[in-house]
Each structure stands twice: as C-alpha cells, then as structure tokens.
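Here is a walk through one protein chain, taken piece by piece. Keep the viewer open and follow along.

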Amino acid sequence: MRGGIADSTGNLATMSALRVGVLAYPGCFASEVFGVPDLLTMAGHVAGPGGPDYRVSIVSPRRRVTASGGTRLDVGPLREVDVLVVPGFELLPGADLDERLGALAPETAAIRAHFAAGTAVVSLCVGAFLPADAGLLDGRRATTSWLHADALARRHPAADVRPEELVVTDTGVTTTAAFSAMYDFALDLIRRHGGPRVARATARLALLDDARTSQTPYVDARLLPRPGHGFSERVMRHLDQHLADRYDLAALAAAFGVSTRTLLRRFAAETGRTPLAHLQASRVRRARHLLETTDRTVAAVAASVGYRDPGTFTALFTRHTGRPPSAHRAALRPRRKPAT
C-alpha cells in the first residue's frame, strides 16, 4: 500500500506544526538522517509564509553518534515527537545481523517506547530491521530494500514483507524501500501535510519522480543472493543457457536423469521455487538488458528469450517488473541527443 501516516496518527494535515524526530545511531547512513529533513525544509520554502511547519530534530538515546563514513552527528536526547524516522545502515552480504542489531538494543527499546506512546514510526531502507526487532512489524505489511527483503522475511516470519512496494503504511508503522524511497515517503508526507501542490512543486525543485509506484523495475537479480546447492545450481545453469528453448519439464528431468516429480521436489527444497519460475525470471532479466541496451523491437526481444507471442511476453514482463516493456525502455534507457 502506497501512503503516508495521516490515516494512523490523526489529522496531520490540519496540525500547525509536525514534530519529526530522526533516530540517529552508530553506523546509520548519514544521508538518510538528513534526507527527509532536507526535503521538508525545501517544502517549507515552496509553501511560503503560512505554509506547513515541520519541526525536525535529530535524537538518540546516546550522547555521541558516529554515522556511516565516520560522520559525527550532533544529536539531542529522545523527546516527544509525532513521527519517529529510523534511517537505514550498511548491511553487507554475510553480515551477522544478530550482532549488529544486538548492539542497537537502546535504539530498539526507544522505537518500542515511542510507538507505545502513540508516535508514528517510519523506517527507511534496511532500517526496517530495527522496528521489526522491536516487534512492530509482526502482523503488519512492510517493505525494505529489495536486496534484503528475503532476509527480513526469514528473520521475522510474522511480518508480511512486500518487496515490490516503495512505501507501505500499516496501522502506525511505515516502511520504505531502498535508499531513495525515503523521498517517496517524504513527498507523501508533504502531500498529506501541505497539499498536492506543495508536494508536486517540491518534487520538481528537487528533481524527484513523484509518480513511482514500485521498486521492482530497479531490481538487479545478479546482486541477489543465489539460493541453491549442487543439483539446483546445475539445473539453473542449464536453463540459463537455453533461455530461448521451449520449456519442457519432462525433457529437463531426463537431461538430469531423474523423474519430473524428483526434479520438482529437489529443486523446490533447495531454492523454494520451481524451475519454470527461475526460467521466467532469467528471461525477464535478459529482456531488460536487451531493452535497455539495444534497438530491438519488443517482438524481437520476446522471441530472443523464448516467446513467439509478444502479448504473452508483455504480460510476463509486466508482472515481474511492474510496467510493460516499452515503458521500461522509456524509463531506464538514456535518451539520445539529437544529431547536430
């Protein structure tokens, strides 16, 4: 669900001043500490005298905080606010999340206490792991960076993680997708607190896209952790090498000397999905590359990844990326300058 926080915290659109606290903590992304406040400042300038008032503070349960890159932050003590924003942090592959989040127990406790007092909680990017550890995502819809959505879902199975969404709000808790989605949240907050005109003008001033609806088009499957072991790895490699071939489950099983039932069972046990699902994802990934880097028609791209019917290909591509092939090309392929 795309949306702001007014529906869960009262009539924010009519409040004279919105108190926003940004929870700073060791190792948090400095840009995410200041990104939302900076955009709110711009919105105030756009609105002019008599416009919405945003009172922003950087708060922490600690006296000193050093953010990512060694940036020292000037923080104040925890205080009563209307909205508590939790920035993200650097999360490397293979990182020990238990250790990382265990060291942030004071922040987790602060998030839990603020929410219990009626404060709306907003997490940016992988900052979602903090309110999740505080128990706030249990039974709620949520999102986070597409790269770490699976890790969040595994760590907190009671959360309904929506990896395709940009901004999700569910009963007082808002989570956002990867990094720049903090601006999608901020624009929505500005829209609800200051009106659509101010939000639209702020987006134009900051060169932001205020019409995005999904993070799916930005997913690069090559960066995702690749599940699987020996058997499924061989099957996936075979499928990737025969993208344009017709999918034939019986022939695929015969190529590996197993029955179709055994193939499906072993592949699902190692990867959590079917060979066809993997093949479709690989076809879409290849099609995205061709759309972004070549002048081939949509029909030609479809044929190159195994689809004779462009309509079937377009439906599959749209389901995976959130927009049809032509729109994907227009959005992500750099425009060529006219010849002079």
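Predicted model: local features only at pLDDT ≥ 70, side-chain atom pairs only at ≥ 80, totals over all residues.

Most residues other than glycine have a negative phi.

Thr-171 is another non-glycine residue with a positive phi, in this case near 45 degrees. You'll find Thr-171 in the loop between strand 9 (167-170) and strand 10 (173-176). Thr-171 counts as exposed, because its relative accessibility is 51% and the cut-off for exposed is over 50%.

**The chain as a whole**

Let's step back for a moment. The chain has 340 residues, and 44% of them count as buried. It contains 15 helices and 10 strands. Along the principal axes, its C-alpha atoms fill a box of roughly 65 × 55 × 35 Å. Take the contacts between residues at least 6 apart in sequence: 69% of these join residues at least 24 apart.

His-193 is 176 residues away from Ala-17 along the chain, yet their C-alpha atoms are separated by 9.4 Å. Leaving out residues up to four places away in sequence, Ala-17 touches Asp-53, Arg-55 and Asp-82. Ala-17 counts as buried because its relative accessibility is 13%, and the buried class is anything under 20%.

| Helix | Residues | Span in the model | Expected span |
|---|---|---|---|
| Helix 11 | 260-271, 12 residues | 16 Å | 16 Å |

On helix 4, the buried residues are Glu-107, Thr-108, Ala-110, Ile-111 and His-114. Looking down the axis of helix 4, you'd see those buried residues within an arc of 160 degrees, so they line one face of the helix. An α-helix has 3.6 residues a turn, so residues three or four places apart point the same way. What do the buried residues of helix 4 pack against? Their partners are strand 1, strand 5 (83-86), strand 6 (120-123) and helix 5 (129-133). Following helix 4 comes Gly-118, which has a positive phi near 100 degrees.

On helix 11, Leu-263, Phe-267 and Thr-271 are the buried residues. They lie on the same side of helix 11, because the arc they cover around the axis is only 30 degrees. Turn to the other side of helix 11 and you get Arg-261, Arg-265 and Ala-269, which are exposed. The buried residues of helix 11 pack against helix 9 (230-241), helix 10 (249-255) and helix 12 (275-293). Gly-272 follows helix 11, and its phi is positive, near 80 degrees.

**Helix pairs**

Two packed helices are described by the angle between their axes and the distance between the axes.

Which residues bring helix 12 and helix 14 into contact? First, the geometry: helix 12 packs on helix 14 (residues 310-321) at an angle of about 95 degrees, and the axes are 10 Å apart. That angle is why helix 12 is roughly perpendicular to helix 14. Helix 12 brings Gln-280, Ala-281, Val-284, Ala-287, Arg-288 and Leu-291 to the contact, while helix 14 brings Phe-313, Leu-316, Phe-317, Arg-319, His-320 and Thr-321. Sorted by class, the contact of helix 12 with helix 14 has seven nonpolar, three polar and two charged residues.

The other pair is helix 7 (residues 181-194) and helix 8 (residues 196-206), whose axes cross at roughly 145 degrees and come within 7 Å. From helix 7, the contact takes in Leu-187, Ile-190, Arg-191 and Gly-194, and from helix 8, Pro-196, Val-198, Ala-199, Thr-202 and Ala-203. The residues in the contact of helix 7 with helix 8 split into six nonpolar, two polar and one charged.

Definitions and conventions:
Residues numbered from 1 in each chain as written. Heavy atoms only, no water. Helix = DSSP H or I, 4+ residues; strand = E, 2+ residues; numbered from the N terminus. Expected span 1.5 Å × (residues − 1). Buried < 20%, exposed > 50% of the residue type's maximum accessible area, 1.4 Å probe, protein only. Arc of directions from axis to C-beta. Contact = heavy atoms within 4.5 Å. Axes fitted to C-alpha atoms, helices over the stretch in contact; angles between N-to-C directions. Parallel < 35°, antiparallel > 145°, perpendicular 65-115°, else oblique. Nonpolar A, V, L, I, M, F, W, Y, C, P; charged D, E, K, R; others polar.
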